[in-house]
Each structure stands twice: as C-alpha cells, then as structure tokens.
Amino acid sequence: MKTLVVYFTRTGYSKMLAENIAGKINADTEQIKDDKNWSGILGYLKGGLYGFSKKMTQIVYSKRPENYDLVIIVAPIWAGSVPPAINTYCKKLKDKINNIAIVLNSESSSLDSTFKHIENLTKKSSANLGVIKKKMTVHDIENKIEKFVEELK
Ligand SMILES: Cc1cc2nc3c(=O)[nH]c(=O)nc-3n(C[C@H](O)[C@H](O)[C@H](O)COP(=O)(O)O)c2cc1C
C-alpha cells in the first residue's frame with residue numbers, strides 16, 4: 001500500500017510523530033506549510049483565533065494525494081480544532097484522497113470532536129490515533145503507534 005504521511009507542525013511534535021509512523025510503514029512524508037507566521041506569542045494567539053474560527057490559509061504542498069492509497073494526516077490541536085493549513089488541505093483535496101487516517105495530538109484536550117470535524121470535512125471515515133501528551137507516557141504513545149500501524153496493514 002502506497003502511503004503518504006502529511007503533517008503540519010509549529011513546534012516539531014507532529015513532525016516527530018509523522019516521521020516515526022512513516023518510518024514504520026515505509027511511507028513518504030510531506031510537511032504542509034502556509035502563508036502565515038505562527039512563531040512567538042503573537043503567532044500563538046493568532047493560531048488560537050484561527051483554530052477556534054476554523055479559518056483557512058494559503059497552503060504549500062508538492063505531493064499529489066491521488067497518487068497514494070492512503071493519506072495519514074498528522075496535526076496538533078489548536079483551540080479545540082486543527083491548524084488552518086490542515087482545514088485547507090482537507091477541504092481542498094478531499095476528493096483526491098483515496099483513504100484517510102488521522103493522527104491528532106494535544107497537551108491535554110480531548111480529541112474526539114476534532115476527529116469528527118476532519119471526518120466531516122473529508123467525508124471519509126478514518127483510522128484514528130490520538131496522543132494527549134499530559135495524559136500518556138512515552139511508552140503508552142509508542143504502544144499506541146505500534147497498534148495504529150498494525151491496523152493500517
Ligand atoms: C495556537 C495553539 C492552540 C492550542 N490549543 C490547544 C488546545 O486547545 N488544547 C490542547 O491540549 N493543546 C493545545 N495546544 C497545544 C498543541 O496542540 C500541542 O502542544 C501540540 O503537541 C503541538 O504540536 P506541534 O509541535 O506539532 O506544533 C495549542 C497550541 C497552539 C500553538
């Protein structure tokens with residue numbers, strides 16, 4: 001199965017998850033970037049606003065999702081939702097994604113409603129992996145990743 005792991009990250013955690021998963025299943029990876037500066041406290045505040053209002057941004061990506069059997073989207077939670085680049089990617093490319101799996105991570109927030117949000121955006125049901133950093137040990141997270149990649153096979 002040809003798989004693409006697409007991720008958006010501000011501070012590197014989603015990149016680390018994406019590369020871990022991709023390495024286990026020999027998948028391609030792609031970092032989505034957008035036209036906004038999310039760094040610093042102003043970037044954080046703006047990110048909260050954009051996340052909360054489910055805004056979109058101009059995104060940059062190069063790999064075509066239609067060339068893959070499965071696209072795994074890896075994203076952090078921003079104000080109970082996902083970063084705008086992920087909203088944009090899902091809305092723009094939903095018809096080109098054959099199958100989807102979603103990996104979300106947060107500090108402490110529940111992820112259930114955000115999984116549903118992405119499933120609604122893409123109109124596809126997905127395999128899901130959720131990482132809540134303050135509620136899970138590194139060992140728990142690695143076990144969950146192992147289970148998730150087994151389910152994908
Ligand atoms: C703008 C913004 C909003 C956030 N909102 C939440 C939130 O509502 N709940 C939560 O648990 N974590 C929240 N976080 C924390 C991130 O989801 C978390 O640190 C994540 O692991 C960061 O991933 P990254 O390193 O790939 O950017 C927020 C972070 C940012 C930058």
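Predicted model: local features only at pLDDT ≥ 70, side-chain atom pairs only at ≥ 80, totals over all residues.

Student: Is N26 buried or exposed?

Tutor: N26 has 9 C-beta neighbours inside 10 Å, so N26 counts as exposed. N26 sits in the loop between α1 and β2 (28–31).

Student: What should I look for in the backbone of such loops?

Tutor: Look at phi. Most residues other than glycine have a negative phi. In this model, N26 is not a glycine, yet its phi is positive, about 55 degrees. A79, also a residue other than glycine, has a positive phi near 50 degrees.

Student: Which residues meet where α3 contacts α4?

Tutor: From α3 there are N87, C90 and K91; they meet I118, L121 and T122 in α4. By type, the residues of this contact divide into three nonpolar, two polar and one charged.

Student: How many residues of α3 are buried?

Tutor: Seven of the ten, so α3 is mostly covered. The buried ones are P84, A85, I86, N87, T88, Y89 and C90. Their cover includes β1 (3–7), β3 (33–34), α2, β4 (59–60), β5 and α4.

Student: How do I read a nonpolar core?

Tutor: In soluble globular proteins, nonpolar side chains tend to be buried together. In this model the largest nonpolar core has 35 residues, of which V5, V71, I72, I73, V74 and V103 touch the most other members. Two or more residues come from each of β1, α1, β5, α3, β6 and β7 (126–132). β5 gives the most, with six residues.

Student: Which residues does V71 contact, leaving aside its neighbours within four places in sequence?

Tutor: With those left aside, V71 is in contact with L4, V6, P65, I97 and I100.

Student: Now the chain start. Is K2 buried or exposed?

Tutor: K2 is exposed, because 11 other C-beta atoms lie within 10 Å. K2 is found in the segment before β1. Its C-alpha atom is separated by 8.0 Å from that of N67, 65 residues apart along the chain. Leaving aside neighbours within four places in sequence, K2 is in contact with Y68 and D69.

Student: Last, the ligand. How many residues surround it, and which are the closest?

Tutor: There are 21 residues around the ligand, and the closest are Y13, S14, G47, P76 and S106. The shell divides into six nonpolar, twelve polar and three charged residues. At least two shell residues come from each of α1 (13–25), α2 (40–52) and β6 (100–106). The largest share, four residues, comes from α2.

Methods. Residues numbered from 1 in each chain as written. Near = placed C-beta within 6 Å. Nonpolar A, V, L, I, M, F, W, Y, C, P; charged D, E, K, R; others polar. Buried ≥ 20, exposed ≤ 12 C-beta atoms within 10 Å, placed from the backbone. Contact = placed C-beta atoms within 7 Å. Core = buried A, V, L, I, M, F, W, Y, C linked by C-beta atoms within 7 Å.
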